[in-house]
Amino acid sequence: MKSRQKILFLECKNFLIGKAVIFSAICLLCFGVYGFYHGKTIIDRQQKTILSISDIQKKHLDQIASHGRGKPVGTTAYYPFFYTFNPASPWAKFSIGQRDINPFTLKVKMLAIEGQLYDAELTNPLTLLVGNLDASFVFIFLFPLLIIALTYNMISGEQENGVWKILRTSTTNIKAAIFYKLLVRFAFVLTMTLLLFFSGILILDLPLTQPTFQLGLVLMVYVIFWFSLSIVIVSLGKSTSFNATTMVSIWIFLCILFPGVANIIVNRNIPIPEAAETTIKQREGYHEKWDLPKKPTMEKFYAVYPQYRKYPIPEDQFSPGWYYAMQLAGDLESANSSEVLFSKLNQRQEFSERLAYFNPILTAQQLVNKVANTDLSNHIRYLESVKWHHKQIREYFYPFIFEVTPTEAMDWSGYPKYRPVTYSQEVLSSGILVIIIWIALGMALSIILFYKNFIQIKDPQNA
Amino acid sequence: MLEATNLTKRYGNHTALNQLNLTVEPGEIFALLGQNGAGKTTTINLFLGFIEPSEGMAQINGVSVSENPEEIKQYLAYIPETVMLYSNLTGLENLEYFSSLAGFEYSKTELAELLSTAGLQTQAFDLRLGGYSKGMRQKVGIAIAIAKKAKVLLLDEPTSGLDPKASNEFSTILKSLAARGTAILMATHDIFRAKEVATRIGIMREGCLQSVVRASDISANELEELYLRTV
């Protein structure tokens with residue numbers, strides 16, 4: 001073995017025998033395995049629900065149609081729900097994202113849509129308290145702690161226990177000695193990343209396609225970012241306690257404080273009064289019509305669907321055509337607010353992404369959720385698909401309603417089937433580039449600081 | 001080999017070392033005696049290049065320490081009061097690591113010989129350093145210095161805390177190193193060990209080298225009297 005190989009081998013041995021290294025690595029692997037289990041359990045449960053939807057839908061419509069025999073479609077059409085669902089991508093098991101707080105199934109009636117889009121199920125508050133410990137959580141939030149644990153006393157520990165002075169006087173090339181120490185830790189971190197990631201691929205059965213590689217790339221770049229950040233702190237040449245405190249403080253700031261502040265900034269900059277306004281307008285738009293003459297309501301309906309003008313709507317009694325026209329009026333009157341609401345949600349997403357440029361943790365989280373299709377954009381696409389489906393359902397039923405078709409004469413299975421949103425593959429290059437820029441800055445800074453504090457300057461501690 | 005010319009170190013208004021002029025030739029052991037704060041460790045640190053002199057110059061093998069802090073590392077080895085090495089590695093592995101880092105390649109047999117030369121018992125070679133006594137660690141430190149073929153050995157209180165037997169063994173090793181032509185500068189509190197091992201002895205007080213005597217010209221009692229008078 002040549003000198004370099006010997007040094008690397010012994011550096012590795014010295015590093016790996018350390019109890020803290022083994023303990024933190026085992027802890028992280030355990031968390032990782034639990035993360036895979038948790039993500040798989042949640043998404044499998046959701047998929048199971050989604051798979052059961054077609055049967056439930058069929059049974060439900062059969063019951064409604066059977067119950068409505070002898071009545072016109074207009075009366076029966078009030079009752080059925082039409083199920084929609086947001087299928088999970090294969091990568092959602094890796095990063096649940098917002099799939100635990102946003103509904104992944106919605107059942108809509110022919111009534112006004114705006115009041116039905118934001119239904120969500122009650123969630124066990126204890127589950128919310130614990131949060132989602134999925135694989136992305138392990139990588140994004142716990143992996144940095146491993147890196148901190150492996151690097152915080154890399155040099156300061158040796159300075160404090162006296163090894164450094166002997167090391168410093170043993171070689172004319174202290175740069176190489178520092179490099180070997182960094183290299184061993186970096187190799188260990190990368191090995192852990194790859195080990196956990198490939199375990200994830202196997203356990204979660206991730207397809208070996210572009211998104212999986214994108215996911216791997218994002219995680220690698222993210223881990224390298226944390227490594228470079230830790231090295232910047234190490235290169236300051238301060239004490240072990242300073243390094244540990246600073247690194248953990250940075251972790252707390254980037255992982256907890258910054259996202260909290262960013263959320264406040266986003267909410268203040270892009271307020272969404274339209275969220276409540278849409279619901280109120282829709283409800284008022286519909287309910288006030290009960291007390292108004294039918295003709296103005298019908299005129300609004302005819303403006304969209306002029307082909308139904310030919311059907312008589314009695315002014316002095318209830319008619320299903322008028323009832324559903326009222327529902328549509330509610331949606332029409334809240335349409336502008338709804339459009340603004342969706343637009344602002346998209347603006348918030350974009351603004352969050354811009355803010356995330358200042359915090360690679362947010363960037364990485366957003367990138368992982370993008371790959372997994374579990375972010376806000378995916379949910380917005382899902383809600384839009386529900387709106388579209390609702391429109392198709394209405395338009396399928398209108399002819400039967402206005403022609404007063406008997407329930408049993410209608411083809412209840414012929415309604416337009418829901419087409420779920422497809423997997424969206426967004427460009428991640430800008431996000432990855434942002435993290436790479438942070439890495440480059442960190443590397444450059446640490447090289448300068450290492451030179452200044454460990455190679456060039458002479459003081460009793462660092463020399 | 002090792003030369004200080006008007007070497008001075010000030011920390012603010014405090015002068016830790018004042019106008020030190022000193023030469024240690026190859027094969028010579030120079031012991032610096034003095035109370036705590038007399039400037040012994042400052043002198044060692046200046047020769048190691050750990051701190052910058054405020055005035056004057058420290059030279060090793062004719063090379064200025066402050067101008068070529070990296071180059072001088074090839075000539076010197078350093079043994080502090082307590083030799084701290086990698087406790088997860090064995091004595092042999094520590095020696096292999098530090099000698100490789102210094103650019104020397106040794107076989108396992110050669111490394112074992114080096115440890116034996118330094119006085120370490122064979123059965124300790126493959127034990128982790130975490131289980132070594134202070135004396136055993138000092139021997140590994142000596143082995144590193146020998147492996148590095150250091151021309152200059154700087155020692156800071158090397159026998160402090162060693163039992164008499166270990167201390168005696170250590171002195172024997174130092175003498176053998178000096179016999180090979182190594183220039184040794186040793187800071188110590190141990191008057192009797194200094195008398196036994198050193199070629200010349202310097203007594204420091206408040207950063208100044210007050211007196212220098214040849215060890216062969218003075219008895220242990222006379223040295224003690226001189227020391228007490230000086231400090």
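## Strands 9 and 10 of chain B

In strand 10 of chain B, Cys208(B) is the bridge partner of Arg205(B). Strand 9 (residues 200–205) of chain B and strand 10 of chain B run antiparallel and are joined by six bridges. Strands (E, at least two residues) and helices (H or I, at least four residues) are DSSP runs, numbered from the N terminus.

This is a predicted model, in which local features need pLDDT of at least 70 and side-chain atom pairs count only at pLDDT 80 or more, whereas totals for chains, interfaces and linings use all residues. Residues are numbered from 1 along each chain as its sequence is written, and chains are lettered from A and ligands numbered from 1 in the order in which they are written.

## The sheet and its helices

Six strands of chain B form an open sheet with mixed pairing, in the order 6-7-8-3-9-10; two strands pair if DSSP finds at least two bridges between them. Strand 6 and strand 10 (208–214) of chain B each have a single partner strand and stand at the edges, so one side of each lacks a neighbour in the sheet. From one strand to the next, the twist averages 15 degrees.

Helix 1 of chain B lies across strand 3 (29–34), strand 6, strand 7 (152–156), strand 8 (183–188) and strand 9 of chain B, and runs at about 145 degrees to strand 8 of chain B. Helix 4 of chain B also packs on the sheet, where it touches strand 6 and strand 7 of chain B, and its direction makes about 175 degrees with that of strand 6 of chain B. Axes are lines fitted to C-alpha atoms, for helices over the stretch in contact, and angles run from 0 to 180 degrees between N-to-C directions.

## Two domains in chain B

Chain B is divided into domain 1 (2–75 + 151–230) and domain 2 (86–149), with bounds from an automatic or database domain assignment. Their centres, taken over C-alpha atoms, are separated by 25 Å. Eight residues from domain 1 of chain B and seven residues from domain 2 of chain B take part in the contact; two residues are in contact if their C-beta atoms, placed from the backbone, lie within 7 Å. Helix 5 (residues 164–179) of chain B gives the most to the domain 1 side, with four residues.

## The interface with chain A

In chain B, 34 residues are in contact with 22 residues of chain A. Helix 1 (40–48), strand 6 (76–79), helix 2 (91–101) and helix 4 (134–147) of chain B each supply at least two residues of the chain B side. Helix 2 of chain B provides the largest share, six residues.
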